[in-house]
Amino acid sequence: MNNEAHSDIIIVGAGPAGLAFARYFAGSELRITLIEKAPLSSLKNPAYDGREIALTHRSKEILQNLGVWQRIDADEIFPLKDAKVFNGDSDYALHFRVPTHQKTLRSIDRLGNLISNHNIRRAVYDEVAALPNVRIITDTVVVDAHTDDKMAYITLDDGRMLTANLLVAADSRLSAMRKSFGIGSHLHDFGRTVIVFRVSHPNSNQATAEEHFIGSQTLALLPLHDHLTNCVITLDNTQAVQLLAKSTDELVAKAQRMMNDKLGTLNIAGSVHHYPLMGVHAHQFYAKRMALIGDAAVGMHPVTAHGYNLGLLSADTLAPLILKAHSIGADIGSQALLRQYDSQHQRHTRPLYHGTNAMVSLFTNDTKPVQTLRKIALRVSNNLPPVKHWIAKQLTG
């Protein structure tokens with residue numbers, strides 16, 4: 001068989017999840033091919049896109065084990081020490097701190113860490129680019145993909161045909177690979193847009209993340225430096241178009257009003273970015289000799305900050321199963337292996353995905369009965385230690 005045409009694993013999508021998955025096979029005999037539609041330059045030097053990723057302690061451990069964490073400048077890692085949830089104009093907050101027992105047992109001094117998406121992407125690419133058993137093909141789109149009992153087959157837009165023992169899709173929430181293999185999904189188009197931008201301010205953010213639910217709109221504050229915060233405004237698409245048509249000063253003024261001037265006078269500290277808000281959860285994470293990871297498997301609403309954490313977890317679940325199978329000479333693309341991956345990862349993702357969507361529905365419904373229910377929910381959650389402990393455990397990972 002042509003060594004150039006055949007790999008043990010083909011990964012479609014060289015985003016942070018696909019690259020992290022490839023990194024697991026460093027030092028192994030497995031040959032990996034990554035297919036990416038973007039140019040190589042965007043992998044080597046990804047542009048700032050406004051997104052700050054909240055990483056759990058589990059995600060930090062995964063990135064450390066992969067050698068990625070060590071490549072990120074310490075000055076670009078921001079501690080997240082507390083988190084608060086506000087409802088409307090009320091000063092009452094559902095407050096999450098680091099669970100006391102976790103501080104004692106693991107010396108944890110924060111809920112997690114915030115790192116810009118482009119810094120994670122660059123670090124994981126640099127780690128993978130040096131691997132001799134990983135080939136990265138860029139500027140290329142998969143035009144056909146199918147599998148049989150023995151192998152996976154893909155055709156690229158330049159006519160090349162590649163084969164592998166296992167095909168892994170890590171392309172996007174709207175994964176073309178997922179669709180081509182007939183895997184259905186729960187797709188939730190929220191009809192909303194996320195607008196993200198950094199602001200500087202005179203008052204300290206106290207390394208505290210805040211989520212403000214104000215009618216049907218939300219404002220998330222993600223603390224970076226003491227006087228630098230990432231603002232995330234979520235509103236319906238029509239309102240977003242109107243707001244984006246206004247000046248940057250008006251956008252910043254809106255954020256300042258939404259947070260009741262608590263950080264003082266805000267000033268824009270970078271570019272403004274916006275994204276459609278969509279959640280997705282595949283009905284299953286595998287087909288014949290094919291698996292889904294990253295956003296192709298699960299794309300989360302950002303309110304609980306679990307998107308990339310679940311992407312890393314998918315890689316951390318599937319890759320060890322493959323390495324174990326390979327070590328004993330078993331089939332790395334067997335249905336039994338892929339079913340095991342599906343079962344394990346579904347247990348983690350389904351409760352978080354549907355729970356997050358239910359919470360968003362509750363806190364963005366502005367009818368009077370629901371407003372009352374929100375107030376009750378915040379106070380009950382604040383005063384039930386088991387509930388707060390469970391939520392804090394999800395936040396810290």
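## Helices α1 and α5

Helix α1 (residues 16-23) and helix α5 (residues 117-129) cross at roughly 30 degrees, their axes coming within 9 Å. Axes here are lines fitted to C-alpha atoms over the stretch in contact, with angles running from 0 to 180 degrees between N-to-C directions; helices are DSSP runs of H or I, at least four residues, numbered from the N terminus. The two are therefore roughly parallel, a label for angles under 35 degrees.

Pro 16, Leu 19, Ala 20, Ala 22 and Arg 23 in α1 are in contact (heavy atoms within 4.5 Å) with α5 residues including Arg 121, Val 124 and Tyr 125.

## How the model is read

This is a predicted model, in which local features need pLDDT of at least 70 and side-chain atom pairs pLDDT 80 or more, while totals for chains, interfaces and linings use all residues. Residues are numbered from 1 along each chain as its sequence is written, and side-chain values use heavy atoms, leaving out hydrogens and water.

## Helices α3 and α9

Next come α3 (residues 57-65) and α9 (residues 307-327), packed at about 50 degrees with axes 10 Å apart. Arg 58, Ser 59, Ile 62 and Leu 63 of α3 meet Tyr 308, Asn 309, Leu 312 and Asp 316 of α9.

## The largest nonpolar core

A nonpolar core joins buried Ala, Val, Leu, Ile, Met, Phe, Trp, Tyr and Cys residues through side-chain atoms within 4.5 Å, buried being under 20% relative accessible area with a 1.4 Å probe, protein chains only. The largest has 77 residues, of which Ile 9, Phe 21, Leu 167, Leu 318 and Ile 322 touch the most other members. α9 gives the most to this core, with ten residues.

How values were computed. Buried < 20%, exposed > 50% of the residue type's maximum accessible area, 1.4 Å probe, protein only. Parallel < 35°, antiparallel > 145°, perpendicular 65-115°, else oblique.
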